[in-house]
Every structure is written in C-alpha cells, then in structure tokens.
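This report describes the domain arrangement, helix packing and charged side-chain pairs of the structure shown below.

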Amino acid sequence: MAANFWTSSHYKQLLDPEEVDVVQPLDKDKGMTLEDFKLIKMNMANYIWKLAQNVKVRQRVVATAVTYMRRVYTRKSMSEYDPRLVAPTCLYLAAKAEESTVQARLLVFYIKKLYSDEKYRYEIKDILEMEMKILEALNYYLVVFHPYRSLSQLLQDAGINDTSMIQLSWGLVNDTYKMDLILIHPPHLIALACIYIASVYREKDITAWFEELRVDMNVVKNISMEILDFYESHRLITDERINIAFSKLALKP
C-alpha cells in the first residue's frame with residue numbers, strides 16, 4: 001500500500017459529486033433514477049457488512065470492499081454488473097488486498113444461508129469471473145486510504161479522551177460508507193467532519209483546536225451537512241423502496 005495519500009492512486013481518483021451521481025445509460029433505459037441508484041448502493045453496502053460479520057473480517061476490509069463497489073458503479077452499469085454479485089466479490093477482493101484472505105466458498109455458503117432469494121444464488125465460479133471484471137473496472141487500482149487512521153490521530157491531537165465522543169466519532173465514520181464520501185473527499189476531512197458533528201452532539205467546545213488546523217472549515221462543515229442530511233433522509237428508506245429499485249433492474253430496456 002502507498003504510504004502517502006497525496007501521492008497515491010486514491011488521491012488521483014477523487015471525483016466531483018456530479019461524476020459520482022451518474023446513472024449509466026443502460027440503467028436509465030430501465031427507468032432507474034438517481035435515487036434508485038443510491039438506494040441500491042446503500043443496500044449493497046449493508047449486504048457487505050452482513051457478509052463480513054459472518055466471515056469475520058476486520059472493519060478495514062469491509063470499508064475497502066464498499067469503496068470498491070462504489071468505484072465500480074462510477075464506471076459500470078448495474079444492469080451489466082449485478083450488485084448482488086458485485087458486493088460479495090468486492091469483499092473477496094478487498095480481503096486479498098488487505099491481506100485477510102477469505103475463501104470464495106465460505107462467501108457462497110453464507111450468501112445462501114443469509115438469503116433465500118434465488119437472485120442471490122451465485123457460485124464460486126461466478127465470484128472468480130466477476131473478480132476479473134471488477135479488477136478491470138478499477139483499472140487495477142486497489143489502494144484505499146480510510147478516515148480511521150486520521151480519526152485516531154486527530155482525536156489524540158485534540159486531547160479528546162471522552163469515551164462517548166470517541167465512540168460517536170467512530171460510529172459516524174462507519175456510517176459514511178453508506179454514502180459516496182470516500183470517492184469525493186480526502187479521508188482526513190471526512191474524519192474531521194465526524195469529529196465536528198460529535199463535538200456538537202456531545203457539547204464539547206473544541207473550536208480553538210479546529211482554528212489551529214490548516215483546513216478549510218467550510219469544506220468540513222459541508223461534509224458534516226451531507227452526513228446529517230443522509231441521516232435525515234435515511235429515515236424515509238423502506239424495504240419497499242429498495243425492492244422497487246431492484247425490480248427496475250430486472251426489466252427489459
């Protein structure tokens with residue numbers, strides 16, 4: 001893995017929000033909207049988390065897998081790259097990249113255990129074939145820098161040892177993977193936004209510390225607003241809405 005974010009392929013691949021929020025023509029032809037697109041990606045992030053809990057991999061592997069999944073769909077359509085196969089394959093690939101190998105047969109076993117729906121029924125060969133397609137879609141760039149390391153360092157630097165605030169900050173970072181923030185913003189800014197939200201909720205005044213940092217607080221506050229907006233809209237997400245989004249994928253264009 002590259003040691004410096006600013007010289008890494010991750011930094012070079014950061015995108016503008018409008019480059020991320022693109023519904024591919026094949027999906028658009030089936031009537032998929034940007035909202036459907038986001039719902040399916042969020043649902044697949046949850047799917048990866050569920051699988052990961054069963055195969056017992058580190059948090060970092062999950063975060064890398066979700067990042068791969070989100071990167072794939074900035075370039076490929078969901079019609080061609082079925083999310084229900086892409087999600088477990090990204091976990092399989094991320095485990096390799098993060099040196100926590102997970103066997104494909106174990107993933108297949110837990111997929112069948114977790115989902116009775118035939119649409120999730122993929123075999124080992126399907127995962128191995130999709131792995132090659134995903135590698136190509138990612139242009140073989142597998143390096144991902146996560147906000148976790150920055151978060152630890154920043155909390156320490158701010159002198160924060162309040163357990164409830166530390167836990168809230170970590171929980172917020174985990175939840176950012178339900179959004180596309182990792183594709184758009186440098187990881188340290190995502191970490192700062194989570195600390196900023198946690199400080200407001202836990203009523204910790206760390207304004208002076210933020211002022212000492214050489215960062216654009218407008219950007220940090222904008223990321224914070226995106227996170228809070230997500231929580232607000234997340235309440236309106238139902239299984240029915242997710243099922244409708246998936247049903248459009250099944251349609252003939």
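## Terms and basis

A polar contact is a pair of N or O atoms within 3.5 Å; within protein, one atom must be able to donate a hydrogen and the other to accept it, and residues adjacent in sequence count only if both atoms are side-chain atoms. Between domain 1 and domain 2, eight residue pairs are in polar contact, both residues being at pLDDT 80 or more.

The model is predicted: local features need pLDDT of at least 70, side-chain atom pairs count only at pLDDT 80 or more, and totals for chains, interfaces and linings use all residues. Residues are numbered from 1 along each chain as its sequence is written, and side-chain values use heavy atoms, with hydrogens and water left out.

## Domains and annotation

The protein chain is divided into domain 1 (15-143) and domain 2 (147-235), with bounds from an automatic or database domain assignment. Their centres, taken over C-alpha atoms, are separated by 26 Å.

An unreviewed UniProt entry carries the annotation "domain: Cyclin-like" for residues 46-136 and 149-229; UniProt positions are given in the numbering used here, feature names are shortened, and annotations may be inferred rather than shown by experiment. Residues 46-136 are 69% helix and 0% strand, with end C-alpha atoms 24 Å apart. For residues 149-229 the figures are 74% helix and 0% strand, with 25 Å between the end C-alpha atoms. Helices (H or I, at least four residues) and strands (E, at least two) are DSSP runs, numbered from the N terminus.

## The interface between the domains

Domain 1 and domain 2 bury about 1,200 Å² between them, 65% of it on carbon and sulfur atoms. Buried area is the accessible area (1.4 Å probe) that two parts lose on being put together, summed over both.

Two salt bridges are counted between the domains, a salt bridge being a side-chain nitrogen of Lys or Arg within 4 Å of a carboxyl oxygen of Asp or Glu. Lys41 and Asp180 meet in a salt bridge at 2.9 Å, N to O. On the side of domain 1 that touches domain 2, the elements giving two or more residues are helix H2 (17-20), H4 and helix H5 (59-72). H5 supplies the largest share of that side, six residues. A network of salt bridges links Lys41, Arg70 and Asp180.

## Helix packing

In helix H7 (residues 104-114), Ala104, Leu107, Val108, Tyr110 and Ile111 are buried. Buried means under 20% relative accessible area, exposed over 50%, and partly exposed in between (1.4 Å probe, protein chains only). These buried residues of H7 pack against helix H4 (34-55), helix H6 (83-97) and helix H8 (124-137).

Ser9, in helix H1 (residues 9-12), is buried at a relative accessible area of 15%. Leaving aside residues up to four places away in sequence, Ser9 touches Tyr141 and Val143, where contact means heavy atoms within 4.5 Å.

## Salt bridges across the chain

The whole structure holds twelve salt bridges. Arg241 pairs with Glu35, the closest N and O atoms being 2.1 Å apart. This pair links helix H15 (residues 239-249), which holds Arg241, to helix H4, which holds Glu35, 206 residues apart. Arg241 is partly exposed at 26% relative accessibility, and Glu35 is partly exposed at 44%.

Lys96 forms a salt bridge with Glu131, with 2.8 Å between the closest N and O atoms. Lys96 lies in helix H6 and Glu131 in helix H8, so the pair ties together parts 35 residues apart in sequence. Lys96 is partly exposed at 36%, whereas Glu131 is buried at 7%.
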